[in-house]
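Opening the notebook on this one.

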Amino acid sequence: MTGPAFRQARAKVSSAERKERLLFALLVGPNLFLFSIFTYWPLVYNGYLSMVRWDFLGPKVWVGFGNFRHLFTQDEFALVLWNTAVFTVSTVGLICGFGLLIALLLNRSLLWRDGVRAVVFSPVMLSGAAMGIVWLFILDPRYGLLDVLLGYVGLDSPNWLLDTRWAMAGVIIVHVWKNLGYAVVIILAGLQAIPKELYEAALVDGAGAFGRFHAVTLPGLSPIFFFLFVTTMLASFQSFDIIHVMTEGGPVNATTTLIYNLYDEAFKATRAGRAAVSAVVLFLGMFAITLIQMRFSERHVHYA
Amino acid sequence: MSRNEHRSISRRGLLKAMSAGAGMVALAACAPAPAVTTESESAAAPAAEPLTVLLWSSYSGKNGEAEQALVDKFNEEMAGMDLQVDYQVQGNYEETAQKVTAALQAQDAPDVALLSDVWWFKFYLNQTLVPLNDLIESQNVEVDDYHAPLIEEGYRQGVYWWIPFARSTPLFYYNREMFDAAGLPDRGPATWEEFGEWAPDLVSRNGDELEVAAFVHPDSASYIAWLFQGVAWQYGGAYSDPDFTMRMTEEETVAAGRFYHDTVHAYGWARPSKSIGEDFLNGFSAAMMASTGSMGGLRANAEFEFGTAFLPEHDFFGCCTGGAGLGILNTTDADILPYAMDYIAYVSNPENTVFWSKSTGYMPVRKSAATSDEMTSYYEEFPQFKTAVDQLELTRPQDSARVWVPNGDQIIGKGLERVTVLGEDAAAVFADVNETLVNEAAPVLETLTVVES
């Protein structure tokens with residue numbers, strides 16, 4: 001093809017391409033617009049804030065990495081990072097572990113099964129703040145329900161929220177209780193999606209109950225668990241309401257996690273710079289864990 | 001499969017990169033737009049509607065009802081003038097201050113805000129409060145009738161910035177029935193040493209555990225640093241001097257800290273509590289130091305007779321002021337300013353001060369209110385309140401470390417938690433606290449020098 005014919009063909013292609021690009025822009029544009037305002041811009045601005053000293057009212061004073069240096073040389077911040085790790089690992093482990101056990105139980109034909117499922121799921125729909133207040137009463141060492149129950153087996157209730165050794169356990173229990181139902185529902189759906197034929201084949205091959213669980217159930221649930229790990233971990237990292245209502249990060253910072261430290265620094269101490277450092281660390285932590293999980297999932301998650 | 005996956009990931013990656021780049025451009029293009037809309041809206045609003053003074057405040061429960069009643073009364077009296085106060089509760093003192101801060105950023109702040117003892121100074125320092133001298137004069141506010149220790153706290157460089165409203169002091173509360181059962185006199189202890197002698201008769205134990213305590217310490221969130229301040233003074237110590245010289249490591253301040261430590265960890269008659277008010281109301285503590293502002297709630301809810309007393313002494317008497325006052329934000333329109341001042345003067349006039357004090361337990365901020373006939377007959381009916389008013393004369397303004405250093409209250413409070421909850425030695429803890437306070441005070445001092453030079 002030469003001359004005008006070639007030019008015509010090129011014009012046709014590019015007009016089709018232009019249309020496609022326009023369509024692409026129309027479809028992506030609205031999302032992109034919202035993401036830019038509510039996700040990307042805050043991210044960039046937060047990076048800037050982490051480099052300044054600012055009390056939200058006066059002028060911003062550039063301090064470079066001063067806020068990072070300050071926080072990373074404080075014992076308190078080391079405790080905050082440790083608390084975040086303990087809270088996240090414990091809650092994710094317990095939610096996924098107990099979630100699996102309860103889902104396996106509810107997957108069998110039990111009396112009142114649907115009722116039990118509803119009861120297990122209901123805490124998910126309640127507000128964390130309201131639950132925190134209810135659990136404050138339950139965990140009270142002198143007039144709490146748990147103290148009464150422990151009394152029946154001859155145990156004294158620990159001072160859950162005022163003893164630095166127990167406060168973290170207290171908020172973990174409430175977070176797990178509130179979010180367990182979510183894991184149960186997801187795992188239950190996963191269990192019911194595993195083809196029955198696989199179990200039958202395993203049975204024919206002579207696999208016992210544990211063998212079937214190990215060779216069929218667990219691999220079949222791997223995408224579900226991958227999803228659960230990611231979502232519950234992100235939720236744990238960002239858990240704020242329960243801690244705020246129950247302990248306000250105390251006693252003596254025993255339950256101050258990164259997200260709570262962010263709130264403390266920003267809104268109680270009005271130090272935007274140091275709060276922004278917490279946000280940066282939180283973001284990088286979540287980002288790194290998500291990357292690791294994605295790499296792991298490539299090798300170990302089996303999509304049917 | 002793997003090739004497909006690979007391709008889809010790289011396409012996604014490309015999309016992400018593109019969206020990030022395009023996002024910045026879109027953002028840069030649209031950023032100013034919302035501001036324009038807001039401005040045009042707010043410009044149109046005042047012309048069409050009657051004058052409104054927007055008030056942000058912090059009270060709930062009995063105190064909130066009383067404040068609402070004051071606003072309603074004001075609005076009723078002003079109805080003929082086409083003037084209304086729009087009363088909005090924003091949460092506790094901290095939440096209110098946070099929202100005022102955000103609102104100032106958004107250029108959408110209230111006209112009058114209730115600011116607590118630890119927050120008003122931040123707004124003063126950032127020059128966001130209106131100087132009130134001219135308004136006080138033009139609206140004929142009798143400024144000399146306010147109790148001196150209260151009005152002087154909001155007075156700097158010859159200018160009034162913050163007018164007392166819901167002002168309180170710590171007060172010693174005791175359960176009269178428990179004191180009676182223990183064979184103790186019906187009065188508060190004159191000194192902490194005396195209380196130390198009484199305390200063993202007031203406690204009851206379940207094995208090693210302290211079931212009923214003689215005294216309870218709050219946590220940092222419930223203002224332990226406010227309540228301990230007087231104790232530090234009683235020992236001859238302090239948090240700091242007005243010029244921000246920190247005094248946490250002084251022998252006397254540390255001795256007060258060690259006393260707090262010992263009440264829990266050596267004498268064993270006090271314990272840290274999540275809610276001292278609930279412990280007291282439920283009979284799990286025989287006594288407590290708490291705000292006079294808690295008196296209304298205690299009176300409504302206590303199923304026993306309680307008594308009030310001056311704070312116990314050690315070498316000296318020591319008791320600080322506290323609570324909140326009202327300020328006008330400098331974003332207020334000029335035509336609203338006189339009315340904003342009118343409202344502040346109205347709710348703290350002698351008549352309304354009596355109503356407010358009787359309803360809540362907050363101090364009568366006006367001298368003439370404290371000596372009025374109505375108040376005098378109220379003292380007879382409820383002598384517990386008279387004690388609080390008598391003590392007011394002996395109070396003094398708070399140390400700069402707690403109220404003027406950003407987060408100073410929580411820095412000291414968390415240190416005190418280490419002493420009462422963890423049982424750490426006060427000397428070591430206060431040394432840490434002192435260092436933090438010195439560092440945090442530095443930028444305040446810089447700004448203050450600029451503002452007040």
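**Domains of chain B**

I started with the spacing: the centres of domain 1 of chain B and domain 2 of chain B, taken over C-alpha atoms, are 27 Å apart. The model is predicted, so I kept to its limits: local features need pLDDT of at least 70, side-chain atom pairs count only at pLDDT 80 or more, and totals for chains, interfaces and linings use all residues. Residues are numbered from 1 along each chain as its sequence is written, while chains are lettered from A and ligands numbered from 1 in the order in which they are written.

I noted the bounds next: domain 1 of chain B covers 50-167 + 323-392, and domain 2 covers 170-321 + 397-452. These bounds come from an automatic or database domain assignment.

How many residues of domain 1 of chain B are in contact with domain 2 of chain B? I got 27 residues of domain 1, against 26 residues of domain 2 (in contact means that C-beta atoms, placed from the backbone, lie within 7 Å). On the domain 1 side, the elements that supply at least two residues each include α3 (61-78), α15 (350-360) and α18 (383-392) of chain B. α18(B) gives the most, with five residues. Helices here are DSSP runs of H or I, at least four residues, strands are runs of E, at least two, and both are numbered from the N terminus.

By class, that domain 1 side has ten nonpolar, eleven polar and six charged residues. Ala, Val, Leu, Ile, Met, Phe, Trp, Tyr, Cys and Pro count as nonpolar, Asp, Glu, Lys and Arg as charged, and the others, Gly among them, as polar.

**Strand β13 of chain B**

Is β13(B) (residues 322-328) largely enclosed or open? Seven of its seven residues are buried, so the strand is largely enclosed by the rest of the structure (buried means 20 or more other C-beta atoms within 10 Å of a residue's own, with C-beta atoms placed from the backbone). B:G322, B:A324, B:L326 and B:I328 point one way, and B:G323, B:G325 and B:G327 point the other way.

I then checked its partners. β3 (residues 112-116) of chain B runs antiparallel to β13(B), with five bridges, and B:S116 sits opposite B:A324. β6(B) also pairs with β13(B) in the antiparallel sense over five bridges, with B:I163 opposite B:L326. Strands pair if DSSP finds at least two bridges between them.

**Chain A against chain B**

Last, the contact between chains: 27 residues from chain A and 32 residues from chain B. α1(A) brings the largest share of the chain A side, seven residues.

Notes: Contact = placed C-beta atoms within 7 Å. Buried ≥ 20, exposed ≤ 12 C-beta atoms within 10 Å, placed from the backbone.
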